[in-house]
Amino acid sequence: MPNWGGGAKCGACEKTVYHAEEIQCNGRSFHKTCFLCMACRKALDSTTVAAHESEIYCKTCYGRKYGPKGIGFGQGAGCLSTDTGDHLGLNLQQGSPKSSHPSTPTNPSKFAKKMVDVDKCPRCGKSVYAAEKIMGGGKPWHKTCFRCAICGKSLESTNVTDKDGELYCKVCYAKNFGPKGIGFGGLTQVEKKE
């Protein structure tokens with residue numbers, strides 16, 4: 001039967017979609033009112049849609065169904081997502097049910113290797129992650145630990161010096177390790193030898 005009214009068929013309701021009400025995604029047309037997440041039924045737009053083959057989801061439901069699983073892949077950095085999406089009708093279990101004992105991967109992922117090789121701050125001895133790392137003296141430091149060892153002043157690349165693995169501001173370095181005498185290290189007269 002010919003398509004007299006023109007327009008494509010909606011990917012959700014299979015009715016004709018006219019140009020004024022059309023949203024296109026993944027080569028398919030949808031009514032504005034039918035452009036909903038297939039799991040939670042939330043209204044979508046071009047910034048919140050995630051398509052998988054002929055299905056459309058909001059980014060949250062897409063992540064639950066097709067995204068990576070495990071520690072560090074939750075709703076924020078460093079969390080464990082226990083939301084399986086069962087209340088939304090998402091069938092996330094693929095294959096056989098999980099065994100009662102955890103298995104150790106034989107080929108650890110890049111993520112697992114990265115967690116082992118975290119740098120330690122020379123000042124406090126704690127792990128330094130990329131978001132808080134400042135390099136000084138060839139070593140990684142926390143932003144809060146990147147201070148002069150004597151006066152405690154915050155350091156920058158323009159005023160930092162290092163000696164024996166410790167950081168100093170230029171003033172403290174000059175006073176404690178620089179040359180002595182008139183005009184050096186803040187002394188006003190030559191010290192007499194007794």
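**Briefing: cores, strands and cysteines of a predicted model**

Glu14 lies in the loop between strand S1 (8-9) and strand S2 (16-17); strands (E, at least two residues) and helices (H or I, at least four) are DSSP runs, numbered from the N terminus. The structure is a predicted model, in which local features need pLDDT of at least 70 and side-chain atom pairs count only at pLDDT 80 or more, while totals for chains, interfaces and linings use all residues. Residues are numbered from 1 along each chain as its sequence is written, and side-chain values use heavy atoms, with hydrogens and water left out.

**Confidence**

- The protein chain has an average pLDDT of 75, and 65% of its residues score at least 70; pLDDT is the predictor's confidence in each residue, from 0 to 100.
- Over residues 93-105 pLDDT stays under 50, and the model has zero contacts beyond four places in sequence for them; contact means heavy atoms within 4.5 Å.

**Nonpolar cores**

- The largest nonpolar core comprises 14 residues, and those with the most contacts inside it are Phe35, Cys37, Leu44 and Ile56.
- Strand S6 (residues 55-58) supplies the largest share of this core, three residues.
- A nonpolar core is a set of buried Ala, Val, Leu, Ile, Met, Phe, Trp, Tyr and Cys residues joined through side-chain atoms within 4.5 Å; buried means under 20% relative accessible area, exposed over 50%, and partly exposed in between (1.4 Å probe, protein chains only).
- Apart from neighbours within four places in sequence, Cys37 contacts Lys42, Leu44, Ile56, Tyr57, Cys58 and Cys61.
- A second, separate core has 11 residues, among them Phe146, Cys148, Cys169 and Cys172.
- In soluble globular proteins, nonpolar side chains tend to be buried together.

**Ser29 and its surroundings**

- Ser29 belongs to strand S4 (residues 28-31) and counts as buried because its relative accessibility is 8%.
- The side chains of Ser29 and Glu22 are joined by a polar contact of 2.5 Å. A polar contact is a pair of N or O atoms within 3.5 Å; within protein, one must be able to donate a hydrogen and the other to accept it, and residues adjacent in sequence count only if both atoms are side-chain atoms.
- Not counting residues up to four places away in sequence, Ser29 touches Ala8, Lys9, Cys10, Gly11, Val17, Glu22, Ile23 and Gln24.

- Strands S11 (residues 160-163) and S12 (residues 166-169) run antiparallel and are joined by four bridges; two strands pair if DSSP finds at least two bridges between them.
- Within this pairing, Thr161 stands opposite Tyr168 in S12.
- The two strands form a hairpin with two residues between them, and Asp164 in the turn has a positive phi of about 55 degrees although it is not a glycine.
- Asp164 is exposed, with a relative accessible area of 75%.
- Glu14, likewise not a glycine, has a positive phi of about 65 degrees and is exposed, with a relative accessible area of 53%.

**Cysteines**

- The count of disulfides is zero, a disulfide being a pair of cysteine sulfur atoms within 2.5 Å.
- Cys10 is in no disulfide, and its nearest cysteine sulfur, that of Cys13, is 3.8 Å away; Cys10 is buried, with a relative accessible area of 1%.
- Cys124 is also in no disulfide, the nearest cysteine sulfur being that of Cys145 at 3.9 Å; Cys124 counts as partly exposed at 37% relative accessibility.
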